Amino acid sequence: MVIDWANFTPMSSALGGALIGLAALLLYLFNGRIMGASGILGQALAELTQPVEGSRLGWRVIFLFSMLAGPTLYLFVTGQEVARQQVAASPAMLALAGLIVGIGTGLGSGCTSGHGICGLARFSKRSLAAVLVFMAFGFLTVFAMRLVGGQ
């Protein structure tokens with residue numbers, strides 16, 4: 001494995017990380033909520049299917065829309081498209097992977113943003129355990145895919 005120095009972007013990556021951290025902090029300060037994307041999406045879908053009195057759907061929809069609008073805003077501000085990612089998997093494999101990740105976030109009571117960004121920042125032992133499991137399975141998946149693919 002060799003670093004692709006032509007596409008190595010430590011400054012923009014650090015800025016992106018800082019913005020994610022700032023967003024997590026602001027959501028917690030002004031809304032008292034942890035920025036866990038899977039939880040926010042799950043609650044938004046639940047409120048869409050079964051509306052509740054005192055709904056908090058509005059901020060969730062804005063949050064989710066903002067995640068999708070980010071690349072468009074980046075294009076508008078910089079004049080450059082966000083780098084396109086090449087995925088070497090079939091649509092069926094991607095759907096299966098998404099299903100497995102969804103099951104994992106349900107079992108782990110959160111995702112990488114909730115546990116990895118917000119939970120670790122709060123020194124949560126449960127989040128540390130979740131992140132270690134996420135990372136271990138990520139490493140195992142890459143190892144298995146390379147083993148099968150012969151890389």
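Which residues in helix 2 meet which residues in helix 3? In this predicted model, the residues of helix 2 that take part are Ala37, Ile40, Leu41, Gln43, Ala44, Glu47 and Leu48. Their partners in helix 3 are Leu57, Trp59, Arg60, Phe63, Leu64 and Met67. Sorted by class, this contact has ten nonpolar residues, one polar residue and two charged residues.

The geometry of the pair can be described as follows. Helix 2 covers residues 37-49, and helix 3 covers residues 57-78. The two axes come within 9 Å and cross at roughly 130 degrees. An angle over 145 degrees would count as roughly antiparallel, and one of 65 to 115 degrees as roughly perpendicular; helix 2 and helix 3 are therefore oblique to each other. The crossing in which helix 2 passes helix 3 is left-handed.

Glu47 is located in helix 2. Its relative accessible area is 9%. Buried means under 20%, so Glu47 is buried. The side chain of Glu47 makes a polar contact with the side chain of Arg60, at 2.7 Å. The side chain of Glu47 also reaches the backbone nitrogen of Arg56, at 3.2 Å. When residues up to four places away in sequence are not counted, Glu47 touches Val52, Ser55, Arg56, Leu57 and Arg60.

The protein as a whole contains six helices and zero strands. From the N terminus on, its elements follow the order α-α-α-α-α-α. The C-alpha trace spans about 55 × 40 × 35 Å along its principal axes. Of the 151 residues in the protein, 17% are buried. Among contacts with a separation of 6 or more, 38% are between residues 24 or more positions apart.

Helix 5 comprises residues 112-121 and includes His115. The relative accessible area of His115 is 3%, and His115 is buried. With neighbours within four places in sequence left aside, the contacts of His115 include Gly108, Ser109 and Gly110. Leu120, Arg126, Ser127, Ala130, Val131 and Phe134 are also in contact with His115. Helix 5 is followed by Phe123, which has a positive phi, near 60 degrees.

Two further residues were examined for their accessibility and for their distance from another part of the chain. Gly102 is in helix 4, which consists of residues 91-107. With a relative accessibility of 38%, Gly102 counts as partly exposed. Gly102 is 64 residues from Ser38 in sequence, and their C-alpha atoms are 8.1 Å apart in space. Val77 is in helix 3. Val77 has a relative accessible area of 62% and is exposed. Val77 and Leu15 are 62 residues apart in sequence, with a C-alpha to C-alpha distance of 14 Å.

Terms used:
Residues numbered from 1 in each chain as written. Predicted model: local features only at pLDDT ≥ 70, side-chain atom pairs only at ≥ 80, totals over all residues. Heavy atoms only, no water. Axes fitted to C-alpha atoms, helices over the stretch in contact; angles between N-to-C directions. Helix = DSSP H or I, 4+ residues; strand = E, 2+ residues; numbered from the N terminus. Parallel < 35°, antiparallel > 145°, perpendicular 65-115°, else oblique. Left-handed = near helix turned anticlockwise from the far one by under 90°. Contact = heavy atoms within 4.5 Å. Nonpolar A, V, L, I, M, F, W, Y, C, P; charged D, E, K, R; others polar. Buried < 20%, exposed > 50% of the residue type's maximum accessible area, 1.4 Å probe, protein only. Polar contact = N/O pair within 3.5 Å; in protein donor to acceptor, adjacent residues only side chain to side chain.
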